[in-house]
Amino acid sequence: MEKSRVDLAVQKHEKGYNCCQAVACAYCDLFGMEEEEAFRVTEALGFGLSGLQETCGAVTAMMILAGLKNSDGNLDKPASKRGTYALGKQMADIFQEWNTSILCRELKGKKLRSCSGCIADAARLTEEILFPDKFDSCSTEE
């Protein structure tokens, strides 16, 4: 078992990564992606999609990682979309159950959860759902 990367994701945010970057970059190597590439690809997805305060950036990162994990990558005849949508929805539903929303403006505006808390929750879900036997379990109480 590998050490959980939940704290690493939170540390990346504290270093200046946006919420999406923090989660995506903590796990990008597992998909053969360089951290700089993941950082650049997710740059516009922080603060609820470029500051629009829509879907939380940490949740968006979970969706990106779910796609990287589940997609068949078949450009001619993709067959994995429904499964990937179901996987992403499962993760978003659990995140929402834990935090009552997936929207940045509600999470931050109503002070339901801090950015660091959202990042920790998204990283925990990434580990538990996408990599259930790879990481030590962690607790993310804030």
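**View 1. Cys104 and its closest cysteine neighbour.** At a relative accessibility of 7%, Cys104 counts as buried. The model shown here and in the other views is predicted. The cysteine sulfur closest to that of Cys104 belongs to Cys115, and the 6.0 Å between them is too far for a bond. The structure as a whole holds zero disulfides. Cys19 is accordingly in no disulfide, and its nearest cysteine sulfur, that of Cys115, lies 3.8 Å away. With 9% relative accessibility, Cys19 counts as buried.

**View 2. The covered helix H2.** Helix H2 spans residues 19-27. How many of the residues of H2 are buried? Nine of its nine residues are, and the helix is described as mostly covered. The buried residues are Cys19, Cys20, Gln21, Ala22, Val23, Ala24, Cys25, Ala26 and Tyr27. Which helices do the buried residues of H2 pack against? They pack against H1, helix H3 (35-41), helix H4 (46-49), H5 and H8.

**View 3. The crossing of H2 and H5.** The axes of helix H2 (residues 19-27) and helix H5 (residues 57-70) come within 6 Å of each other and cross at roughly 35 degrees. The crossing of H2 with H5 is right-handed. On the H2 side, the contact involves Cys19, Cys20, Val23, Ala24 and Tyr27. On the H5 side, these residues meet Gly57, Ala58, Thr60, Ala61, Ile64 and Leu65. Sorted by class, the contact of H2 with H5 has nine nonpolar residues, two polar residues and no charged residues. An α-helix has 3.6 residues a turn, so residues three or four places apart point the same way.

**View 4. The crossing of H6 and H8.** Helix H6 (residues 81-99) and helix H8 (residues 115-130) have axes that come within 10 Å and cross at roughly 140 degrees. That angle makes H6 oblique to H8. The crossing of H6 and H8 is right-handed. H6 contributes Leu87, Gln90, Met91, Ile94, Phe95, Trp98 and Asn99 to the contact. H8 contributes Cys118, Asp121, Ala122, Arg124, Leu125, Thr126, Glu128, Ile129 and Leu130. By class, the contact of H6 with H8 has ten nonpolar, three polar and three charged residues.

**View 5. Lys12 in helix H1.** Lys12 lies in helix H1, which covers residues 6-14. Is Lys12 buried or exposed? Its relative accessibility is 11%, so Lys12 counts as buried. Leaving aside residues up to four places away in sequence, Lys12 touches Tyr17, Ala22, Cys25, Ala26 and Glu35. Among these contacts, Ala22, Cys25 and Ala26 are also buried residues of H2.

**View 6. Thr55 in the loop between H4 and H5.** Thr55 is placed in the loop that runs between H4 and H5. At 23% relative accessibility, Thr55 counts as partly exposed. What does Thr55 touch, not counting residues up to four places away in sequence? The contacts of Thr55 are Gly48, Leu49, Thr60, Ile102, Leu103 and Cys104. One of them, Cys104, counts as buried at 7% relative accessibility. Thr55 and Leu45 are ten residues apart along the chain, and their C-alpha atoms are separated by 9.0 Å.

Note on methods
Residues are numbered from 1 along each chain as its sequence is written. This is a predicted model: local features need pLDDT of at least 70, side-chain atom pairs count only at pLDDT 80 or more; totals for chains, interfaces and linings use all residues. Side-chain values use heavy atoms; hydrogens and water are left out. Axes are lines fitted to C-alpha atoms, for helices over the stretch in contact, and angles run from 0 to 180 degrees between N-to-C directions. Helices (H or I, at least four residues) and strands (E, at least two) are DSSP runs, numbered from the N terminus. Angles under 35 degrees count as roughly parallel, over 145 as roughly antiparallel, 65 to 115 as roughly perpendicular and the rest as oblique. A crossing is left-handed if the near helix is turned anticlockwise from the far one by less than a right angle, and right-handed if clockwise. Contact means heavy atoms within 4.5 Å. Ala, Val, Leu, Ile, Met, Phe, Trp, Tyr, Cys and Pro count as nonpolar, Asp, Glu, Lys and Arg as charged, and the others, Gly among them, as polar. A disulfide is a pair of cysteine sulfur atoms within 2.5 Å. Buried means under 20% relative accessible area, exposed over 50%, partly exposed in between (1.4 Å probe, protein chains only).
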